[in-house]
Amino acid sequence: MFARSFNATARTAAKQIRRYATGAPKSSSNAALIGGVAAAASVGGYFYLNQADAKAVTNAVKEKADLSTAKKTFTGGDQGFVSLKLESSELVNHNTKKLRFSLGDDDAVSGLSVASALITKYKGPEMEKPVIRPYTPTSDEDTRGYLEFIIKKYPDGPMSTHLHDLSPGQRLDIKGPIPKYPWAENKHEHIALIAGGTGITPMWQLIRGIFSNPKDKTKVTLVFGNIAEEDILLKHELAELENEYPQRFRAFYVLDNPPENWQQGKGYVTKELLNTVLPKPDGDKTKAFVCGPPGLYKAVSGAKKSPQDQGELTGYLKELGWGKEQVYKF
């Protein structure tokens, strides 16, 4: 009875406190919503009391083929761009597509690790220089024969526009992998992922890597914000994981322009919210990851200077006691 009561309280509170920032916080307060989560946490801890069922992921891992002999499409180093053929282009929402590219060999894998990305290149007929953009695939690293991207089209984005205009059979130049944060099982006890828009893709790579490994017991808290409900990418996949691992994975959503019946977060993230839902900074036991639009970086962590320079830590995370070495900016 106690567990059921707590779970109901936590679920109700979780639905109400999901908020996000793309800039400075609005003046409206969410003290009641934050208080609801704090009350639920005080009853029995941050995560639900019921046990996660690891059987499914264990079986999935057992079914994975031995990748030690698989051909790696992308090997990094001096390897040049590889031309991959588009297999399919699927509309996800009003401005986002899922693109599947063939690796050219049904037994080949991408060669990516967690966490890493790929670089795409395109030069239009009237362009003086090619456009180069990094993207993180949303397909598993051990997927054979193809890789997938989820790409949002931006009005003034030459690469995203080109990718949306591609038809099956056309090709794209891709290079990598580009190493990001080197993940190892149980590297941290609890990680905080703060994402906006397509900034969810490197977070999804981390999440996949953790929950596909039965030896990895890392807890994950995700704060994910978008403009409208239809912009929430990978929502179904995230919900499945949250249901399967309620002790280890929590996702908090927020919308800038929520629909009338929206029961979750509205507006911008605040320092008070992060202080409530994120793990407390605790040396190497915790790590925070940030990825999203410039306003998100400005409010939460400060921007990175370059791919090699994380820049100084500023914003809410610094104010909450996180150190520069405890935050990674994708």
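Strand β9, residues 249-255, pairs with β10 in the parallel sense, over two bridges. In that pairing, L255 stands opposite K266 of β10. Keep in mind that this is a predicted model.

Now the sheet around that pair. The sheet is open and has six strands, paired in parallel. The order reads β10-β9-β8-β7-β11-β12. Which strands stand at the edges? They are β10, at 265-266, and β12, at 327-329. Each has a single partner strand, so one side of each is left without a neighbour in the sheet.

Next, the helices over the strands. Helix α5 lies across β7, β8, β9 and β11. Its direction is at about 150 degrees to β7. Helix α6 lies across β8 and β9, and runs at about 145 degrees to β9.

How do these two helices meet? The axes of α5, residues 200-211, and α6, residues 235-244, come within 12 Å. They cross at roughly 35 degrees, and the crossing is left-handed. From α5, the contact uses I200, W204, I207 and F211. From α6, it uses E237, L238 and L241. By class, that contact has six nonpolar residues, no polar ones and one charged.

Last topic: cavities. There are three of 30 Å³ or more.

Key:
Residues are numbered from 1 along each chain as its sequence is written. This is a predicted model: local features need pLDDT of at least 70, side-chain atom pairs count only at pLDDT 80 or more; totals for chains, interfaces and linings use all residues. Side-chain values use heavy atoms; hydrogens and water are left out. Axes are lines fitted to C-alpha atoms, for helices over the stretch in contact, and angles run from 0 to 180 degrees between N-to-C directions. Helices (H or I, at least four residues) and strands (E, at least two) are DSSP runs, numbered from the N terminus. A crossing is left-handed if the near helix is turned anticlockwise from the far one by less than a right angle, and right-handed if clockwise. Contact means heavy atoms within 4.5 Å. Ala, Val, Leu, Ile, Met, Phe, Trp, Tyr, Cys and Pro count as nonpolar, Asp, Glu, Lys and Arg as charged, and the others, Gly among them, as polar. On a 1 Å grid over the protein atoms alone, a cavity is a set of points where a 1.4 Å probe fits but cannot get out, and a pocket is an open set with protein on both sides within 12 Å along at least five of seven lines; lining residues have an atom within 4 Å of a point. Grid points are joined across faces, edges and corners, and a volume is the space filled by probe spheres set on the points. Two strands pair if DSSP finds at least two bridges between them.
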